[in-house]
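Colleague: Please take a close look at the packing inside this model, meaning the nonpolar core and the aromatic rings. I would like the cut-offs stated as you go.

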Amino acid sequence: MEVPKFCFIQASLFFFFFFFFFFIVGSAQKSPSGIFAEYIGAEFKNVKFSDVPVNPNVQFHFILSFAIDYDSFPSPSPTGGIFNVFWDSQNLSPSHVSSIKTQHSNVKVALSLGGDSVQGKPANFTALPSIDSWVSAAVSSLTDIIKQYNLDGIDIDYEHFNSDPNTFAECIGRLIKTLKSNGVIKFASIAPFDNPQVQRHYLALWKKYGNLIDYVNFQFYAYAKGTTVSQFIDYFNRQSKNYEGGKVLVSFISDGSKGLSPEGGFFTACQQLKSENKLYGIFVYSADDSKANGFRYEKQAQALLASPN
C-alpha cells in the first residue's frame, strides 16, 4: 500500500520542529543569565581576578576601580579629562585581563570612572576648561587605556561635583556616545546613590542620554545599616521609577558597614525580586574586602542569578 506523500511531509515537519524546539531550549539553558558585577582593585589588597570565583552560568563583569581624571603628584588635581589608572595595576594588569577573559568566556572587564576620593581628597567631577575640551581629552585618554587593557565597558561612579548637572550630563553622555560609536566599548553603566546632589547629576544624565546606558549599578548599600527587606524593596521600586526603563542592579557592600547585608536578608530581597522578574543582576563592592571571607557571598549571589525562578 502506498503511503501518501503529504504524510511524509507532515512527519518531516513534525520532527524538524521537534528537534528545533529542543535545540533552542537547550541553548537557552546553557546561556548565561543575569549580570553579576564586582568592583576590584581600589583598596590595593593584592586581590587578583583569578581569586574571585566565576559561575559559568552568569554574565560576569569585573569593574576596575578606578580611572580618574586627576594627577597624583605633587598633590591630587584635576586634569581636564585626561584619565589615569588608580587601581592596583600590578595585580590587575593587561596580561591579567587577557588571562581571565581567556579562562572564562562569560567574563567581561570594565573600568569605573571617578570614585569617592583621590589620596584622601574628594574626586570631584570638574569639566575644565570646557565641555568640548573635556570630552575630547576623555575620549582620547580612555580609548588608550581601554585598548591597552582590552576592556569591554565603562562605569560612571563620580560622587562629588564641581560642575552643574547639565554639564555633567553633556560630558558623560557625549563620552559614552563617542566611545560606543567608535566601537571602543560595548556597554556602559552608572553608579548613583540616594543623595540629593548625586541624584540631580545622574538623573540629568539619564533624562538626556539614558538610551545609551545599559545598566544602573545603584548603590543600595549607601542606605543606612540595618535596612530591612521591606525597606530595600521599597528603595528598589523607587529607584526603578527614577531610572525608568533601565536595568537597575541591586547591591551589597562586602564589609557589611551599610545597607541591607547578606546576613540581614539581602538574598531574601533578591529572591523576591527574582520571583517578580525584576532582578536584572547583582553587584558587589568590593572584591578587595571579600577576599578575607573567601568570596562566600559572591558564590551565593551568582548561584541565585543562575537558578531558575
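Modeller: A nonpolar core is a set of buried Ala, Val, Leu, Ile, Met, Phe, Trp, Tyr and Cys residues joined through side-chain atoms within 4.5 Å, where buried means under 20% relative accessible area with a 1.4 Å probe and protein chains only. This is a predicted model, in which local features need pLDDT of at least 70, side-chain atom pairs count only at pLDDT 80 or more, and totals for chains, interfaces and linings use all residues. Residues are numbered from 1 along each chain as its sequence is written, and side-chain values use heavy atoms, without hydrogens or water.

The largest core has 82 residues, of which Leu 111, Trp 134, Ile 154 and Tyr 158 touch the most other members. Helix α3 (residues 131-149; a DSSP run of H or I, at least four residues) is the top contributor, with eight residues. Leaving aside residues up to four places away in sequence, the contacts of Ile 154 (heavy atoms within 4.5 Å) include Leu 111, Ile 146, Leu 179 and Phe 187. A separate second core of 19 residues includes Ala 123, Ala 191, Tyr 215 and Tyr 221.

As for the rings, those of Phe, Tyr and Trp (its six-membered ring) pair if their centres lie within 6.5 Å; planes under 30 degrees apart count as stacked, over 60 as edge-to-face and the rest as tilted. That rule gives 30 aromatic pairs. Tyr 39 and Tyr 285 are tilted because their planes meet at 50°, with ring centres 5.8 Å apart. Both residues, Tyr 39 and Tyr 285, are buried. Tyr 223 and Tyr 235 have planes at 5° and centres 3.7 Å apart, so they are stacked. Tyr 223 counts as buried at 11% relative accessibility, and Tyr 235 does at 16%.

Terms used. Buried < 20%, exposed > 50% of the residue type's maximum accessible area, 1.4 Å probe, protein only. Helix = DSSP H or I, 4+ residues; strand = E, 2+ residues; numbered from the N terminus.
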